[in-house]
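The following note sets out several points on the structure shown below.

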Amino acid sequence: MSKLLLIDVLNNPTLLLNADHKCSYQIMTEARHLSLLGQLKACCDRANIEHDLLLHTQQQLQSGFHSYQKQQQQLLLEHQYLTEHLQGIISSWRYLRGSALQLLDNEMFAGRIKHNIDIYVPQQHVANVEKVLLNNGWRYKNIADYEETFYRRWAQQTTPLIHKQRRTELAIHFQLLPKTLINKLDPAPLLHHHLSPPLCEPATLLSPDAMVLHQAIMLFHQMDYHYGLRDIYSLYLQFVFFSKDPTFWHNLIQLHQQVGNDNSLYLAVNLCHRLFDLSVPDNVWAYFKQHKLNRLSYWFYQQHFIDAFLYQFPLHRNIGYRDAVKSLRFRGRLKQMPIYCIVPHIIKRLIVNSIPHDDEEVIN
């Protein structure tokens, strides 16, 4: 019998009912390692099996979900502080990525753990927003001066901020896409429409199509895939939930055309189909085929993404996983900065990381 993986349980949580203590413990450990324990609990809840599981498994799932609930409460508290501090500075801002999913407060996304608060602020307001936050208990994360240049020049965001007492981390994005993509893609259409859940007023969220497209682009243009399974699973849940609106796929394709020709959406849809059996309309597949977004080179990287997502847990790592991580890390560097900057970046990263530092200063 093949080894039971976390993705198997995410697709069919009833497999846990027949898992022995050792197997169940390993699945819980893998889920915690990948920040998926809370979402696994929500998955079991949707299948109505949680109370039929081993007691230890129930306790582990509840522990993971409790971490999510604490995060969501802290996010709401930080939102209140931001609303108070930014009054008169900026009329609104947008929450992105994991923060946005938590603020949707929908059972489909329950349990989704985030690692910082991501917000978008128009570039002309960033300096004033930073100033008021620095005057109200926030400080810059301790990182090398070189890395600060990378954040602002290439990632199009400020150096991450950390609150001195609450230890919350905040990332302020002044562009929705990395600088290397600005000349290829137009991020402006991502902001044309928005959602306004009561929980996040006066801030807003990206519209469903923009939220999905933005997360797909960011997922497939990064270097580190430690939480890759969590992120692709979150995209799958968004496809499932948002496609209940009959206009979703039409709006998504239309937005993709407006933003520009990029294969991230194809990768997201195809991987969600392969990994989670996502149902995709025929006209969407036809669109990808028409625009040649499923070329052979994408199939090569697609297998690397699958290996990186499924085998990240240390007990599952094999030579395929290690090759995939190396390949995707180099691909990510090419996506995030021009090729003439890559070698100097690697050399400076090695030098900086060889100097004693605290955990905040590691450069990826």
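**Notes on the predicted model**

1. Two charge-over-ring arrangements deserve attention. The charged end of Lys 41 lies over the ring of Phe 65, at 4.8 Å from its centre. A second case involves Arg 331, whose charged end sits over the ring of Tyr 301, 5.1 Å from the ring centre. As the model is a predicted one, both arrangements are to be read as computed from it.

2. Phe 65 also belongs to a nonpolar core. Together with Tyr 68, Ala 110 and Ile 113, Phe 65 is included in a second, separate core of five residues.

3. The largest nonpolar core holds 97 residues, of which Leu 40, Tyr 95, Leu 229, Ile 232, Phe 239 and Phe 309 touch the most other members. Helix H12 (residues 264-276) supplies the largest share of this core, nine residues. In soluble globular proteins, nonpolar side chains tend to be buried together.

4. What does Leu 40 contact, leaving aside its neighbours within four places in sequence? Its partners are Leu 6, Val 9, Leu 10, Ile 27, Met 28, Ala 31 and Leu 61.

5. The whole structure contains 19 aromatic pairs. In one of them, the ring centres of Phe 109 and Phe 242 are 6.0 Å apart and the planes stand at 45°, so the pair is classed as tilted. This pair links distant parts of the chain, 133 residues apart: Phe 109 is in the loop between helix H5 (97-104) and strand E2 (117-120), whereas Phe 242 is in helix H10 (residues 228-242).

6. Are Phe 109 and Phe 242 buried or exposed? Phe 109, at 2% relative accessibility, counts as buried, and Phe 242, at 7%, is likewise buried.

7. Seven strands form an open sheet with mixed pairing, in the order E3-E4-E5-E2-E1-E7-E6. Strand E3 (138-140) and strand E6 (194-195) are at the edges; each has a single partner strand, so one side of each lacks a neighbour in the sheet. Strand E4 (residues 161-163) and strand E5 (residues 169-173) run antiparallel and are joined by two bridges. Leu 161 has Leu 170 as its bridge partner in E5.

8. Two helices that pack on the sheet may be noted. Helix H6 (residues 123-134) touches E3, E4 and E5, and its direction makes about 115° with that of E3. Helix H9 (residues 208-219) touches strand E1 (94-96), E6 and strand E7 (204-206), with its direction at about 60° to that of E7.

Conventions: Residues are numbered from 1 along each chain as its sequence is written. This is a predicted model: local features need pLDDT of at least 70, side-chain atom pairs count only at pLDDT 80 or more; totals for chains, interfaces and linings use all residues. Side-chain values use heavy atoms; hydrogens and water are left out. Two strands pair if DSSP finds at least two bridges between them. Helices (H or I, at least four residues) and strands (E, at least two) are DSSP runs, numbered from the N terminus. Contact means heavy atoms within 4.5 Å. Axes are lines fitted to C-alpha atoms, for helices over the stretch in contact, and angles run from 0 to 180 degrees between N-to-C directions. Rings of Phe, Tyr and Trp (its six-membered ring) pair if their centres lie within 6.5 Å; planes under 30 degrees apart count as stacked, over 60 as edge-to-face and the rest as tilted. Buried means under 20% relative accessible area, exposed over 50%, partly exposed in between (1.4 Å probe, protein chains only). A charge sits over a ring if NZ of Lys or CZ of Arg is within 6 Å of the ring centre and within 35 degrees of the ring normal. A nonpolar core is a set of buried Ala, Val, Leu, Ile, Met, Phe, Trp, Tyr and Cys residues joined through side-chain atoms within 4.5 Å.
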